[in-house]
Amino acid sequence: MFEGPKKKAVKMARPNDRFWDFVEKLDDGRFNCTFCGYKFAAATSVSRIKWHLSGVRGHGVAICDKVTEDVQEAAFQATHGGNKRRKSIASSSNVNDNVISTTRQEQKNNEADNLAGDAGRIQAPVTMVQAIGTFLEEITNVMEDDIENGTGGVVHPGAGASSSGGLTGNTNETPGDAVPTTKLVGQAFKDHKKTIWSWLMHDEVSTIGIYGMGGVGKTTLVTHIYNQLLARPETHVYWITVSQDTNINKLQNSIANRIGLDLSNEDEELYRASKLSKELTKKQKWVLILDDLWKAIELHKVGVPIQAVKGCKLIVTTRLENVCQQMGKQHIIKVEPISKEEAWALFIERLGHDTTLSPEVEQIAKSVARECAGLPLGIITMAATMRGVVDVREWRNALEELKESKVRKDDMEPDVFYILRFSYNHLSDSELQQSFLYCALFPEDFKIRREDLIAYLIDEGVIKGLKSREAEFNKGHSILNKLERVCLLESAEEGYVKMHDLIRDMAIQILQENSQGMVKAGAQLRELPGEEEWTEHLMRVSLMHNQIKEIPSSHSPRCPSLSTLLLRGNSKLQFIADSFFEQLCGLKVLDLSRTGITKLPDSVSELVSLTALLLMDCKMLRHVPSLEKLRALKRLDLSGTWALEKIPQGMECLCNLKYLRMSGCGEKEFPSGLLPKLSHLQVFELQEWIVSSTRDNRKTQHVMITVKGKEVACLRKLESLACHFEGCSDYMEYLKSRDETKSLITYQIRVGLLDKSYYGYGDCRRKTIVWGNLSIDRDRDFQVMFPKDFQQLTINNNDDATSLCDFWSLIKNATELEAINISDCNSMESLVSSSWFCSAPPPSPSYSGIFFGLKEFGCYGCKSMKKLFPLVLLPNLVNLENIRVIECEKMEEIIGGTRPDEEGVMGEESSTDLKLPKLRSLQLTGLPELKSICSAKLICDSLKVIWIVKCNKLKRLPICLPLLENGEPSPPPSLRRIEVHPKEWWESVVKWEHPNAKDVLRPFVSFEV
């Protein structure tokens, strides 16, 4: 977070949600509970970690029997909207039971975007409101927001998808979405597609092999088959991208994750295979796609019962014909390069049909296309490189270089390499080339977070010479966009890029020329590469995401030119000898994030060229040596180093520091006088921290660390800020002393004492104010000076206010307000009352403008709240996307009457139809007195998720469904899921506007049991 400007909301929960600190990332991508050792899937969500730690059973994950009481309580509150554990719930949880061995349903490790599985099972009435954490996580994915888990991951098209839609009954799979792909080029490809499809339709065909050289289009062909399979509701389809270094264990994990099976507690290969086979047999009809297999795999050892189950199919793509033959496939297709005519058509299409070529240039361009040898990857990349070139001399030069590079090509290289190398050589400047090569430092098939990559490029000086971090990030995004446009990078999802494995191979080959690069990321190394590999010409070394345990004193590489060393993600790495860094004097970027080191070697103090020292989530780190000599340091990340009890010495000497992210390091107040000496800071993020209060670390607590407002205001170059002011006076000092001509790009500013339940809350937008237990009338000047550009207002633990109206002076000038979240405010009876709008004079004519941009209303644990907002406000909420009301025990109405005297009159239906055109999620949980959502009929055609749990007095759902021509209702096209509890309430009590609504919605309904 705060690594640079973002187009979307900054998501404080990922990766900065503190519950990530109770798991460690393993080398196979999974996460390990630091208390009990329970293993989570690689794509797990933070909500699953919270449920695991909360001590509450029935949410698809085993509960932790070794978690400390305070962490368990924090996790419980995080999954209950901040509310404390009630005695009845605590007693029913029986948290001291040793329940690592749970049912299969409880152990499943769903993907983070699982929309169709059992997101949270409720075992007893007292636990019916426990779904808040899971819901918040899932709805984030339903809303198609980017997921930031900080470490990237392997990209699988439609990972975890099921073409059955996954919406009927209890399934662990995610409804599959079609994978973006390019159109098939050439008649042969179309014929192949028809042939493969016909084989899939015959029961006697169980395995299909597709082989061909790299870049010929095998994956594209199978992607079309995959998308077509998704349209068949009776067939499950699973896609696995296989890496070169795969083994049976890794493949078993990948398949298990796709089908929602937890194998984390089973180490024996034979028993893992048995469990997989049993689970796949239950699925009956499925298609398993293994893309880019490099060696034959014995399916029975993996646990794929391809011969034993009728109607099940396996599709394999590989570059090697013998892989198909060794796996006994009788149905094999070889994908050949496309014809010259087809190649030219594809080349022109990718060059741009609006491009006019002179007759002379066209003849040269045809020769260029022919040089691509009919390989679609090469044709597409080459055309993207030459797009916009009209000078005949440039075309001649391109053709000559292509021919020369083809002659120089090593016989062992794939045929497409020389084409890709040409595209690399013709990148317009060194910035583009260096940025491209940096992508190869990540593991194969890795999705790379754009902002992580850009931050590295800034650290090493690839991006430089700009006045602000925002400008640097804009430059970085521009570079990555250019690499995407020339097809050397692909977009993985919003905020991420990925690299085709062949393109990565070519990039690594370039890095290794003259021994300048060593890339062994994700290679399952258990020890450091041998001394002979650490040559003096090395410039970049990536050993990230391995299983290295120690770096002994026998390793002292002499690499004076080494500028980048990436060891992040080696979670087992606990010891690094001082000698290791003694001869790495030119090191600029050192990343040891998410390692298990307890001590940073003293020799790091001598790395005077270091510009970035990254120690994020080194939870065991207790010692950092003096930083006094590291005057070139520009980025220091000590976030998540909870065991570090002292701020490192010499920080006052870091005169060039631009980025500082850290926890409190044992302090309750940031050291006075330090910030003014760090005058170049652009990013300053100060986290609350966790301290252990007993020797065995069984008791921990959150500690608030505050900072003086006047000292923060000294940071004139600041662009991103996250900090906590003790009270209004400190915040006023900051506001009065800051440079008013320059606004922050992102901020999360917390003011006043917060209830400890606040720390379990989820996402925050880019500009968030959190108001704690302070009097709202304490200082009028403070209210007048409240910033105008904040996007989210969170009010926590405030017992002065009776409604949001009391905060009018805070929000009346807001121009970008998108979210209002109220929690633990026990004097509030309504979020917004209609009397506010009927007052004389009204509060302000601008209220409609403020609410017009609002996207989210959230109300959590407000014990006196009876109604959310009045019907009169509804026309102003045209952009509202989320309504969440959790555990407000007196809540009677969500949307009140049209007049003040109508409020409290439930059951009267209005003849008016009102629209909430952008409402996507409605969550009502733990509202025992709720009798009405709205008296009017609501048209909500964008609804994706409805979640109603333990609202037993609610008898009517006022949502109107779209009608077909015959007058029958149909589900909104956007609808994904309806979660309800209890089942009897749905079947016998509640009614919809149309009598047949329940019948048409039944496929979307899941009951909390």
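Biologist: What share of the residues score at least 70 in pLDDT?
Modeller: The model is predicted, and pLDDT is the predictor's confidence in each residue, from 0 to 100. The protein averages a pLDDT of 78. The share of residues that score at least 70 is 78%.

Biologist: How many contacts beyond four places in sequence does the model have for residues 693–699?
Modeller: Take this stretch with care. Over residues 693–699, pLDDT stays under 50. Residues 1–16 also stay under 50, and for them the model has 81 contacts beyond four places in sequence. For residues 693–699, the number is 15.

Biologist: How many helices and strands are there, and what share of the residues count as buried?
Modeller: The protein holds 28 helices and 44 strands. Its length is 1009 residues. The share that count as buried is 62%.

Biologist: Among contacts between residues at least 6 apart in sequence, what share join residues at least 24 apart?
Modeller: Start from the contacts in the protein whose residues are at least 6 apart in sequence. Then keep those that join residues at least 24 apart. That share is 68%.

Biologist: Is the pair of Tyr 424 and Phe 436 stacked, edge-to-face or tilted?
Modeller: The whole structure has 15 aromatic pairs. In this one, the rings are 5.7 Å centre to centre, with 40° between the planes. Planes under 30 degrees apart count as stacked and those over 60 as edge-to-face, so the rest are tilted. The pair of Tyr 424 and Phe 436 is tilted.

Biologist: How many residues apart in sequence are the parts that Tyr 424 and Phe 436 tie together?
Modeller: Both residues are buried. Tyr 424 lies in helix H16 (residues 417–425), and Phe 436 lies in helix H17 (residues 430–439). The pair therefore ties together parts whose separation in sequence is 12 residues.

Biologist: Which ring does Lys 998 lie over?
Modeller: There are charges over rings to report here. Arg 635 lies over the face of Tyr 659, at 5.4 Å from the ring centre. Lys 998 lies 5.7 Å from its ring centre, over the face of Trp 986.

Biologist: Which backbone oxygen does the side chain of Asn 570 reach?
Modeller: Asn 570 lies in the loop between strand E18 (564–566) and strand E19 (575–576). Its relative accessible area is 0%, so Asn 570 is buried. At 2.9 Å, its side chain reaches the backbone oxygen of Leu 567.

Biologist: Which residue does a cis peptide bond join to His 981?
Modeller: Most peptide bonds are trans. Here omega is about 0°.

Biologist: Is Gln 524 buried, partly exposed or exposed?
Modeller: Gln 524 is not a glycine, and its phi is positive, near 60°. The residue is found in the loop between strand E15 (517–519) and strand E16 (540–542). With a relative accessible area of 29%, Gln 524 is partly exposed.

Biologist: Is Glu 887 buried or exposed?
Modeller: Glu 887 also has a positive phi, of about 50°. Its loop runs between strand E34 (882–886) and strand E35 (893–896). Relative accessibility is 9%, so Glu 887 counts as buried.

Biologist: How far apart in space are Lys 588 and Asp 459?
Modeller: Lys 588 sits in the loop between E19 and strand E20 (589–591). At 33% relative accessibility, Lys 588 counts as partly exposed. Among the residues Lys 588 touches are Glu 460, Ser 563 and Thr 611. Lys 588 and Asp 459 are 129 residues apart in sequence, yet their C-alpha to C-alpha distance is 7.5 Å.

How values were computed. Residues numbered from 1 in each chain as written. Predicted model: local features only at pLDDT ≥ 70, side-chain atom pairs only at ≥ 80, totals over all residues. Heavy atoms only, no water. Contact = heavy atoms within 4.5 Å. Phe/Tyr/Trp six-rings, centres within 6.5 Å; stacked < 30°, edge-to-face > 60°. Helix = DSSP H or I, 4+ residues; strand = E, 2+ residues; numbered from the N terminus. Buried < 20%, exposed > 50% of the residue type's maximum accessible area, 1.4 Å probe, protein only. Lys NZ or Arg CZ within 6 Å of the ring centre and 35° of its normal. Polar contact = N/O pair within 3.5 Å; in protein donor to acceptor, adjacent residues only side chain to side chain.
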